[in-house]
Amino acid sequence: MALAGFKRHAALPRLDHDEQARQAFVRQFRGHLSARVMPGNYRAYERRAAPRFLASEGRPPRDHRDVRRVMEQDGYYQFWSALQRRSQELMWDAVIDPVERQHGALNAYANRQHPRGSLRLDPDLALPRYQTTVDIHLQPGGYHSESTAGDAAAGAFYDQALYIYSNGATGACNDAMGELLLKFYREYFRAALPSRLLEMGCGIGNSLLPWAAAFPGCETHGIDIGAPVLRYGHARAAALDATVHFSQQNAERTDFAAGSFDLVISHLLLHETSRTAMPRIMAECHRLLRPGGVMLHLEIPRGDTPVEQFFYNWEVFNNSETFAQFLTGIDLAPFAVAAGFDASRTRVVRYARPRTAGQHLYGETFFWNILVATR
Amino acid sequence: MADKRKKSTRRNPATNKAAAPGAGTNKPRIARVAKGKRPQYFSDPAIDKLLWMTVSLMEELSVTRDRLDAVERLLERKKTLRRGEVENYAPDAASAAERDSRRAAFIDRVMRVVQAELEEISREDMPRSSEEVVAAVAS
């Protein structure tokens, strides 16, 4: 049994009746919050909170901090916020159950010799503080914790959770973001055929697999700091007939040779790094690309208006996505330019794909930001 | 700045202590609560706990209804259950033990917020302030 619309593969745990029922509840609960409860926050803001702010301060809210001050007093927002937080906690609980039940078998599969691709781990890799201080997006143990030798559980948690988190928007194989960035790449760099590509912060490789499939002659690499997600990703790629070379590295500084990639990409990596790490990652992208090579970073929007910015920052304060607040209201392009990319060959593009109301999460619309630069 | 401590591959996330080498006889303990301070949403922390439990109960009820639905449909299909049999049902020792175990897991799940607070105050590697959490990403 599997969650409806989610494609099963050999690296995933099987779900028994109650595990499937639990995951289905969480998914629908989140869909309900997104479609039926969240929009009320915008109404509460417009009709109650903003007028209250204007009455007491003599001016409208100027930025997301003003919005926060007044919204946190609003009963509707408080209740939605508590429920949204709860839904995220329930989600992790619901995906851990089947992994815990089949932990031995899952790890045995992950640690087999797989015929495709490769896995290179580094037990001495120092874990960055921005990954260990709190558990990002409330995933217990984050991307890096292991409860036993050869653990791949963190990957199995993430693979299941992402689909539930997004209420199916990430696609049957959690590859929708990879497909979206690939579509963008093909539109903007029509005839390009990379022979060597790298995804930074690849996690379980869910966004990388569409790239590997699209460019069969390309040597495809993925790096992450977390050993258990990479172990899982390597097994998962084999289960899905993809050839990817996974290695445990920090995107701030890799051991790949300078100018050795045609394409360096990431999907939702940047907002989980830090103020020091992000410029280093940009510099590393620049170092790794050959002249004419392309850098692409897919990121979630952080909102245009103060109220949108407040809601997109909800995850900063309620979902342990601490760094994301530092990307609010800033342009990503100067970071690429500071790393050596030419300003005339660097831009941030807004890219939309329609979602249902049950998938919007924090806004009344949804689009992606893509930082694109050519070396 | 990168954490200068070497990463141990056998760190128990519940205590954040490395597992002793050869400590493989017990089932590995998987962390259930995320590291980090849980925000307070309401004026009284007891309300936050009540909401946690209430939503968990919603979930449990939903799962149980799905299961019951499966059972009823299968029974109808097989024409095996008569009226009154459920009312007079008495579990044998093995079934009673399984029920106890399931009930314990249910209670654990609904009460986890209380456990969460215990873990938060017991763990030794908690960031000491929100400033420390921000400093980890602002440098």
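How are α2(A) and α3(A) oriented to each other, roughly parallel or roughly perpendicular? Keep that in mind while you set up the viewer. This is a predicted model, in which local features need pLDDT of at least 70 and side-chain atom pairs count only at pLDDT 80 or more, while totals for chains, interfaces and linings use all residues. Residues are numbered from 1 along each chain as its sequence is written, with chains lettered from A and ligands numbered from 1 in the order in which they are written.

**Stop one: two helices.** Select residues 39–57 and 64–71 of chain A, helices α2 and α3 (helices are DSSP runs of H or I, at least four residues, and strands runs of E, at least two, numbered from the N terminus). They pack at an angle of about 100°, with their axes 9 Å apart (axes are lines fitted to C-alpha atoms, for helices over the stretch in contact, and angles run from 0 to 180 degrees between N-to-C directions). α2(A) and α3(A) are therefore roughly perpendicular, a label for angles of 65 to 115 degrees. Show Y45(A), A49(A), R52(A) and F53(A) on α2(A), then D66(A), V70(A) and M71(A) on α3(A): these make the contact (C-beta atoms, placed from the backbone, within 7 Å).

**Stop two: the cores.** Now colour M91(A), F157(A), A161(A), V264(A) and L296(A), the residues with the most contacts inside the largest nonpolar core, which has 97 residues. Such a core is a set of buried Ala, Val, Leu, Ile, Met, Phe, Trp, Tyr and Cys residues joined through C-beta atoms within 7 Å; buried means 20 or more other C-beta atoms within 10 Å of a residue's own, with C-beta atoms placed from the backbone. Helix α7 (153–165) of chain A gives the most to this core, with 10 residues.

**Stop three: α10(A).** Select residues 227–239 of chain A: the 13 residues of α10 should span 18 Å at 1.5 Å a residue, and the end C-alpha atoms are 18 Å apart, which agrees (the expected span is 1.5 Å times one less than the number of residues). In α10(A), 12 of the 13 residues are buried. Among the elements that its buried residues pack against are α7 and β3 (219–224) of chain A. Just after α10(A), look for D241(A), with a positive phi of about 60°.

**Last stop: the interface.** Show both chains: 41 residues of chain B are in contact with 47 residues of chain A. On the side of chain B that touches chain A, α1(B) gives the most, with 10 residues.

Terms used
Contact = placed C-beta atoms within 7 Å. Parallel < 35°, antiparallel > 145°, perpendicular 65-115°, else oblique.
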